[in-house]
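Work through each one before you read its solution.

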Amino acid sequence: MTILVLMGPPGAGKGTQAEMLAERLGVPAISTGDIFREQVASGTALGQQAKGYIDAGEYVPDSVTNAMIRERLCADDTRSGFLLDGYPRTLDQVAVLDEFLAGQQRFVDGVIVLDVHVDELVARLLNRAALANRSDDTEPVIRHRLKVYTDQTQPLIEVYAARNLVTTIDGTGDSAEVSQRILSSSVALQQTN
Ligand code: ADP
């Protein structure tokens, strides 16, 4: 049973590393951003609720996000564990996740924080904007997303650090180098042994 949380600011490379690590561990990578974008693309009620927030670089309200993740975590493929990419991002979400897991006698095994300097983040996101056509990858929205991360999500690192769960990984360099750092850290070793 492996339950890991991948944290880091927008542009830190969470999505890429989540996929890599999830495959290694044989558990699903669950990205709230990807789920929201799929819902927006298919025009569901949830997508319609989320779209305005995403485009503005704001967090989708906790009530909406928590309901969505609860449902996702009830799927069968999470039985042997899962890796969360982009959740929790608020203190309320931490509380909901704790409560959900406690109800199943499960708990978070580790939190990986990808650390990248802000100038590098902006450069990466602008570069992605040119390639990926994401509605929230314009410069003013990127800057706002970084601020929202600092204000609302960075404090969560302290919460998990107080539980001795945090491993900080240098997220600079190419994605293969970052993967290597994650795999040689104690978090990954502990889980794959
Ligand atoms: P990034 O990490 O680059 O901001 P994501 O794809 O993880 O990109 O998220 C994109 C957007 O989806 C966020 O800006 C937010 O609007 C919404 N979102 C994703 N995860 C959450 C969450 N846990 N709580 C609230 N909103 C979220």
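**Exercise 1.** Find which residues lie nearest the centre of the largest pocket, and how its lining divides.

*Solution.* Step 1: a pocket is, on a 1 Å grid over the protein atoms alone, an open set of points where a 1.4 Å probe fits, with protein on both sides within 12 Å along at least five of seven lines; lining residues have an atom within 4 Å of a point. Step 2: of the 36 lining residues, Lys-14, Arg-89, Arg-128, Arg-134 and Arg-145 lie nearest the centre. Step 3: sort the lining into nine nonpolar (Ala, Val, Leu, Ile, Met, Phe, Trp, Tyr, Cys and Pro), 12 charged (Asp, Glu, Lys and Arg) and 15 polar residues (the others, Gly among them). Step 4: helix H2 (32-41) gives the most, five residues.

This is a predicted model, where local features need pLDDT of at least 70 and side-chain atom pairs pLDDT 80 or more, while totals for chains, interfaces and linings use all residues. Numbering starts from 1 along each chain as its sequence is written, and side-chain values use heavy atoms, without hydrogens and water.

**Exercise 2.** Describe how helix H5 (residues 91-102) packs with helix H7 (residues 139-161).

*Solution.* Step 1: helices are DSSP runs of H or I, at least four residues, numbered from the N terminus. Step 2: the axes, lines fitted to C-alpha atoms over the stretch in contact, are 9 Å apart at an angle of about 40 degrees, on a scale from 0 to 180 degrees between N-to-C directions. Step 4: in contact (heavy atoms within 4.5 Å) are Leu-91, Val-94 and Leu-97 of H5 with Leu-156, Val-159 and Tyr-160 of H7.

Conventions. Helices (H or I, at least four residues) and strands (E, at least two) are DSSP runs, numbered from the N terminus.
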